[in-house]
Each structure stands twice: as structure tokens, then as C-alpha cells.
Amino acid sequence: MYVKNAWYVAAWEHEIEDGKPYAMSILNEPIVLYRAGESRRIVALEDRCVHRLAPLSLGRCEGEKLRCMYHGLLFDADGKCVEIPGQDLIPAKARVRSYPVAPRAGWVWVWMGDPARADEALIPDALHIAEPDWIFGTGYMDYDAEARLIIDNLLDLSHIAFLHADSFGSPPDYAEQRPVQTALDRGFRLDRWITDVKGPTLNPTDDLIDQWVTYDFFVPGVLLMHSANFARGTAKACDFKKPDYTDALAGSLAYTSHAVTPMTTKTARYFYTWAPHKNHGTVESRDAAMQFQLMALTEDKWMIEGQQKIIDLEPDRPLMPISHDLTVTMYDRLVARMVKDDDDPTKRAA
Amino acid sequence: MYVKNAWYVAAWEHEIEDGKPYAMSILNEPIVLYRAGESRRIVALEDRCVHRLAPLSLGRCEGEKLRCMYHGLLFDADGKCVEIPGQDLIPAKARVRSYPVAPRAGWVWVWMGDPARADEALIPDALHIAEPDWIFGTGYMDYDAEARLIIDNLLDLSHIAFLHADSFGSPPDYAEQRPVQTALDRGFRLDRWITDVKGPTLNPTDDLIDQWVTYDFFVPGVLLMHSANFARGTAKACDFKKPDYTDALAGSLAYTSHAVTPMTTKTARYFYTWAPHKNHGTVESRDAAMQFQLMALTEDKWMIEGQQKIIDLEPDRPLMPISHDLTVTMYDRLVARMVKDDDDPTKRAA
Amino acid sequence: MYVKNAWYVAAWEHEIEDGKPYAMSILNEPIVLYRAGESRRIVALEDRCVHRLAPLSLGRCEGEKLRCMYHGLLFDADGKCVEIPGQDLIPAKARVRSYPVAPRAGWVWVWMGDPARADEALIPDALHIAEPDWIFGTGYMDYDAEARLIIDNLLDLSHIAFLHADSFGSPPDYAEQRPVQTALDRGFRLDRWITDVKGPTLNPTDDLIDQWVTYDFFVPGVLLMHSANFARGTAKACDFKKPDYTDALAGSLAYTSHAVTPMTTKTARYFYTWAPHKNHGTVESRDAAMQFQLMALTEDKWMIEGQQKIIDLEPDRPLMPISHDLTVTMYDRLVARMVKDDDDPTKRAA
């Protein structure tokens, strides 16, 4: 169950080169992205020619338009076929679906639902990877697993204490401390203080400190997180609320964003960043942290693809929710409500 | 939908070596080819032992016969089991299907329908690869795609102007010029003049010329083509009919044959040749042209396997025929008629 | 159709290392094996966490217990969940299946049926690979084929004369001589004399000899065999019954055991040994024989995986039993009876 009326990350914006159609699929729909003409704005069309279902992503960019290089049909940026070689009349039905697109934060976002409801204000407010105050690293990873399993992983960070014991090396009681939850529009916020611990592997400390982690999680699978270490006692001093980031211990303030996109029923693409604040890191420390994060993501991938194989042996096996699943359950309910809304005929454009 | 009562190319004749059973599958049926005894005639049997369904192609040739090397059952060239180790009585039902076979033009043709209707006169009249007037090159390529998609490709050469823009480099108006169609028994002929153009990449010219391409296309997927360049004005001079090949410009007269065989539902084998006429080429020019053709076939394979993947995402998606699909439509109707005839009980042998 | 109430070989005992969970699947059920605590006894649990179905085999051994390293649930050796991080109450249903396990003969046997009926006396009485009188070699091989096809192969050794003509090189009339069959509990015994032949490739002789082969075959796919050469006339002298092994010709007395375990519907693991008697061989002759056996097993694998592919083209194709299938038929009936017994409600534990 995935929400249709949502913005999905389709690619890194810098991956879409002039004159090179880019193939992706989202929710089992084949999509081609390309830069249109002089403006270089990114267009997203259905990656399936109306004629014989050939991939337009094997086609040729011609200014604002995209030509299928099988038999030469030409499509404009709205998906309308405007030329059929050897034929004067172009039937009205000769059009491929065109998707609302918006570049934001370095990502290309594609709206998979009713175009009339595509509202750019609904795009999660991620920091742009060109933001000068942060030193960004970016990457992506493909999974042979349902996107939902990766989203579950991100929703319940209690797994860090176990799955990432060798990489992030969080203190064992990480899983014991509950975050404060706040409902957001199309998502929620989780704030968490971990007090009186040594700094995590990424920012180790000799002394005990208070660690702050806050993240927003949005449908359809976007996580935006800030984390930092603070002097012991800070959590209490600010009443376990959000601290002043200028008080963060040297080298500890960092931002990371993640977006999970279902490609087909059992494949997904996972986009991620890592960025120390410019006052807390360098290109070198960013690269070291990216390596580190890659190690943790590989631990996730290994576990989640293993989970998928076990599920495939007996797909109807029920789960057994535990206390930490509260966020997963909250998220599932939110998605269920939104999927119902997707199907609501009164919400459809005329 | 494929015709059963038809000759399919199963292999290159020179691939069937003495004493080495050769495995192939056609229309999802496993087939073993082998050379029988002294005569060396090629036999085609069902590649599935009656006993425990082991492949006979892992068996041993014994004169005219083929022995299953799992438990030793021996089959004669008619598919009759003539020996069961450890057992005297051989049940009448102990036989595998035997297919009519005919070597022609260097290919091994197998009849997949009612043996009583197998008529060698129905084999398309391809030039033999040992024909002394032509300098033949041969090859084959396997596809992860339905044979029908490859046949569609061959039926509508308007794709050359687009898909092969980088290899064959046909003039852009190729797709604009319609061929003359003539119905044939179990197929049709397409004659096409392209006038006042420069020679194609394979036979480039400085001056404008007239280019002649003619091909016969036969069920179940066989294309036989001649092409040549002529002095500008030849098309008009011969009233856009077939020219006299002795007038062909130096180095331009060539022949090519193609046969597409459905192996399983989603795999196919594509057999092909290329041959300059002996007065128009050499072994070297033939090799260069074969390289060239391989490049074009790889462009086809890339597009068609891409098309198959897109189709598999949503198999029931309808096509939208265009003007150039006339030959495809004609062919589809012919096939539909022949498939109906396949199923006609009055046509069956007693 | 496979028997549930049976001991299946899950692994070589020496493969289960301290602190390293070992993943296997039997009859489509994911299973994790590990050594528990100080005792090092092997435990077999369902390899699927109750929480989100993650594989416990990616978990961590903690004494007698096994921790899921996704979200940290801890299971005891009975499969009972004894710790859920962040949660005090542990629901009664929080348990994974625990399988009866018994190490025997170097193999780890797992009981796949009703635990109340798990009786170690039902484990086939194979020679232990540490048995000092025999010089054992061990191995295993994975198949992309149903276990049943491999079992059929082992049940009818008449295939040796054909499939292994190049490796074991049995005399061609091997398939002509019927073995003496004796019913056993959950299996049967086949004794066979092959008289007046030269020794097989493994123990070749210049003179004619009598060859003795006897094996016991047990549900669910375990074969235990002794073989030896004897002076010509021995068969007759002992009335075609079991000979005295001390009379075996030099270098010929050997033992081999095989166990076939269905992993999933179309994959299987085949465990095997080869052991010359200490008075008939050396580590070197054992190694040579193991190489030899590997060659024969590869012939089997090639044929059986080919058979599986042919079957998959048309799965409902009937077989045609032959005389040598008597043992296969006997075995199939035995299995059918035992499967029926598996489902008998009156046999179930209260």
C-alpha cells in the first residue's frame, strides 16, 4: 500500500544530463526524465511509447521534445504525440502520461497521483545539497526488497543499537529511550535525548555527554534528521526540548536526509545524504562520515533483503508488533488514511 | 499466437555434428537434433524421454538411433522406443514425438504441426549459404523477448531511419516512403525505391543515387532481401519496378536472410546472413558488412528487450497502430488465419 | 510430497561453529542452527523473528540464547522470546518454532514433524565419519531441482551403467541384473551380486571377479552403501547372500553414505561421503575416490537439472514407469503411506 498523491524522489537532479533521457520506475510505472530545451527544466513522461510500448528512455531529446527512436514518434513535454513518421493524422489518444515534476533540495520529485492535486508545498522541506552552511555528500543504493521494509527500518531507529552495533555503535540503551512524538502534516517529528553517554562512534568523546537526535518523517518515505552532542546536563537544562545548535560540541552537528522510492513491487531505490555543519566538519570529515554511513546502510540492506527472502517463503505470515513499533503503526495508519483519500472520487479534479 | 503448421529454423546445418545431439526448443517444445548413422541425415525428436522426462540431448548417438543416457532407453529415428534395459516388453506408448526435418539453404527446418501436412515446398526459397555467386556470412543471436516483437521489427523497416540512424544511417525520409506490397503464398513481398539520395552507410556515394530494396517475408518469421544502388533516374526508367541487377552500381548488390524462431514464451533465436554478390564484394567486405549488421542487430536487441521489460510491467496495455504498421497488420491477419486453419479438424490427417 | 515426521540432514556437524548462526531451509521452512553456550549442543530454531520476520541467522549467539540483531529480541533455545528491548511484557505468542535436533554420524539431523513424535531411534544408522575403521571424505552439493528427482536417481542404480559410463564405468549389463529387495522399517535394503565381470573403474581388475553392492535406503532420502570385489565364484559359494567382508579383494571394500534434503520446492542439498575401509585404502586413495565420486555426482547434477528444466516446460507430463522403477514405486508408496500418517489426527500429541 503506497500513497499515489505524493511526491516521490525519482533521481538526483545532477544525474539528469542534457540530451540524455533517464529511465526510472516508480510504483511499477516506467518513467523517463529529461531536460527540455534551453530552459533545461526537467520533464517526466511515461516511459512507454503509445505505438508499440517501446521505452522512450532509449529515445532522443529534440529541444523541448522527446522522440521514440524505435519508429520515430515525437512527444512534447506534456506527453502529447506531435509527429508520427509516414502519417499526417495524429489521433487524440496518442499521448503518454506526463507527471508533475519539481526539483527541490537537489532531488527531482515526481507526483504520482492526480496532477490536479499536485501541490509543491507538499514537498518535504529538505535542506538543499548546495546549501552553503552544510557540507553535503550524496549517494543512492538499490534494494531487492519492498520499499515498505526500508521505511519500517527508518521509522524505528531502535534497530541502531543492534543492527549497527558494529558501525554506529550506539549505546545499548538507545533502544530503551523513547522519543517525543509530534504529529506533522503528512508525517511526524521524533525528538530524542540520550543522556549521560559517551559520544557515538562518529563523534566519540572521552566524557559523558547528552546526545540530541531529531527527525521528521514524511509520506511517502522521507526522513530529515539533525543530530549533535551537547555538554552533559543540557537535556535537563532545556527541559528535554530542542537545544540551541550553537551550543553543540565541536564536530558534532550534522544533518542527514533519506528518501525511499518504490520502483517495482519488490525493488526500491534509497537516496541519502550526510552533511556536517560547516563549523563542525570539513570535506574530509564528510567523506569519512559518508564511508561510515555506507557501512551502516549495507548492514541495513543485508538485513532487509534477508527479511524479504524469509517473507517470500511464506508471504502471509503475520507480524508481531512491539512497543517500538509505535511510529511504524502511526505511519501505517497515516498511509492507510491517505490511500483511502487517493481513492475518494469527490477529491478528483473535474 | 504462432502458426504450428509451419517450417521453423531450428539450427544452422553445420552446427549439427556427427555423434553430438543438439538441444533446441521451438514453441516451448524441447527438441533434439542429431545426425543418423551413415546417411548423416538430420533427425528431430522430442527432447524428453518417455520414462522420467530426462533430456535426450544429453544422450548418445548409436547409428540411426539415440539412447537416453539416464536409464538407457533407446529410440529409433521415428521416436519409437526400441530398447528398455532390464525389460523385454516395450509398451506401444513408449515413443517420443518425431518431427519432419528438412535441411535447406544451410538451415535445418523443423515442421511443428501435423506431420501429414509437412510439405517441403512450403519452405521459403532462401539462397543457400554455399551458393557460389554470393559470399555468405552467417550468425545467430538469442533474445530475452517474445519472437513476435522481433518479427514486428522486421516487418516494419521504417524503424531503420531511427533505431539504426547510427549504424545503417538511412536517410531520414526512409520512413516517409511507402513500399509496394504484393501478396505471396504464406507471406508478402515489399518492393521499395528510395530515389535521389546518397548511398547508405554500407555503400556510401558522393553522388545522388536511387536505392532499391526488395524483400519477401514469410510465416513463421523469415525475411529474404536483396538490395542495391543504381544510377539516379533508374527507378523512374524502370517504372519503379524491379531493376536489372546487372546494372547495379559497383559494390552495392547484396543479399540478406533472417529467420526468427520462438524458443519459449519469452525467448527467441534470431538467425541471420549477409552476402555481397561475388561481383560486388570480397570476403573482407563481407566481414566488414557482418560487423556492421551485428551493430544494427544489437541496436534492435537493446530496443526489443527494453520493450519486453516495459510490456512485462503491464502486459495488457493496448498498442496504437500507425500507418507503417500496415505490413504488421497484414501479417497478423495472415497468422490469425493460419492459426485458425491449424485448429481446423477437417484439415487433419486421418 | 515429502514426509514431515522424519529426520532430515540439515548440515555437517563440523560446519556449525561456535558463535556463528548457520542458515538452512528444509521443506521450505527457514531454519537457523547454532551451538548453545558451554555445552555446545546444537539448537535448531525457526529462522524468522516473530516481530518483523527478519532472519535470526543474521543474529548473535548469547550463551544458550540467540538475539535477533534487527531490533534485539532475544530467544532461548526453546524458541521462547525472553527479551524485547523497550518493552517489559512479553506476549505468550512471542516464540519461534524449535526443532528437535540430533547430531549423528557427523550430520546434524532435524525433525520436521510433530516434536512429540521425534524419536532418535528413527535416525538411519549411518557410520560416523570419525569411525576409526574407515577413512572418510565428506562433501555436499546444491541442486536447482526438486529433491524427489535426486531421490529417484539414488533409488534406481541401473542409471550407473549409462549416466556414469564415463566415470564409474560399470559393465553394461549392470542394468540387466536385479537386486534382492528386503523391506526395512521406513525403507528397504537392496543386495546385488554382479558376477563374472572385471572390477569397476574404481577397483579395476585384470581377472573376472564377483562384485557385491548392498545398500539401505531410508525415508526421507538417505542411502547407506557397502561395496567390495570378491574372487570369482564367491557369489555362488555364499548362495548370493551377504559375503564375509574379510574375504574382500584387496583395496575394494568401501562405504558411502548420501542424504538428500529438500530445501525449497525446487532446490535441494545433497550430502555425501566416501570411505575405503582402513585395510583397503589410504588417505590418498580416499581422495582419489572422492574426486571420482565428484565427477559422477556432477554427471547426476547435469542430468537432473536438465530433467527439471524439461519438466518445467510442461509440468503435468506423465511419466512411464519401467521395470527398474520397482524400487522407486516401492519408495513412493512408502512415502505416500507416511504422508498420510503425518496427517492422521489420532497420531498427534495431546
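Axes here are lines fitted to C-alpha atoms, for helices over the stretch in contact, and angles between N-to-C directions run from 0 to 180 degrees. The model is predicted, so that local features need pLDDT of at least 70 and side-chain atom pairs count only at pLDDT 80 or more, whereas totals for chains, interfaces and linings use all residues. Residues are numbered from 1 along each chain as its sequence is written, and chains are lettered from A in the order in which they are written.

**View 1. Helices α1 and α4 of chain A cross at roughly 130 degrees.** The axes of α1 (residues 147–155) and α4 (residues 283–313), both helices being DSSP runs of H or I with at least four residues, come within 10 Å. That angle makes α1(A) oblique to α4(A), a class left over once angles under 35 (roughly parallel), over 145 (roughly antiparallel) and 65 to 115 degrees (roughly perpendicular) are set aside. The contact (C-beta atoms, placed from the backbone, within 7 Å) involves A:L149, A:I150 and A:N153 of α1(A), together with A:D300, A:I304, A:Q307 and A:Q308 of α4(A).

**View 2. Chain B meets chain A through 22 residues of chain B and 21 residues of chain A.** On the chain B side, α2 (160–163) and α4 (283–313) each supply at least two residues, and α4(B) gives the most, with 7 residues.

**View 3. An open sheet of 4 strands in chain B has the order β5-β6-β7-β8, with antiparallel pairing.** Strands are DSSP runs of E with at least two residues, and two of them pair if DSSP finds at least two bridges between them. At the edges, β5 (60–62) and β8 (81–83) each pair on one side only. Between β5(B) and β6(B) (residues 65–67) there are 3 bridges, and B:E62 has B:K65 as its bridge partner in β6(B).

Note on methods:
Contact = placed C-beta atoms within 7 Å.
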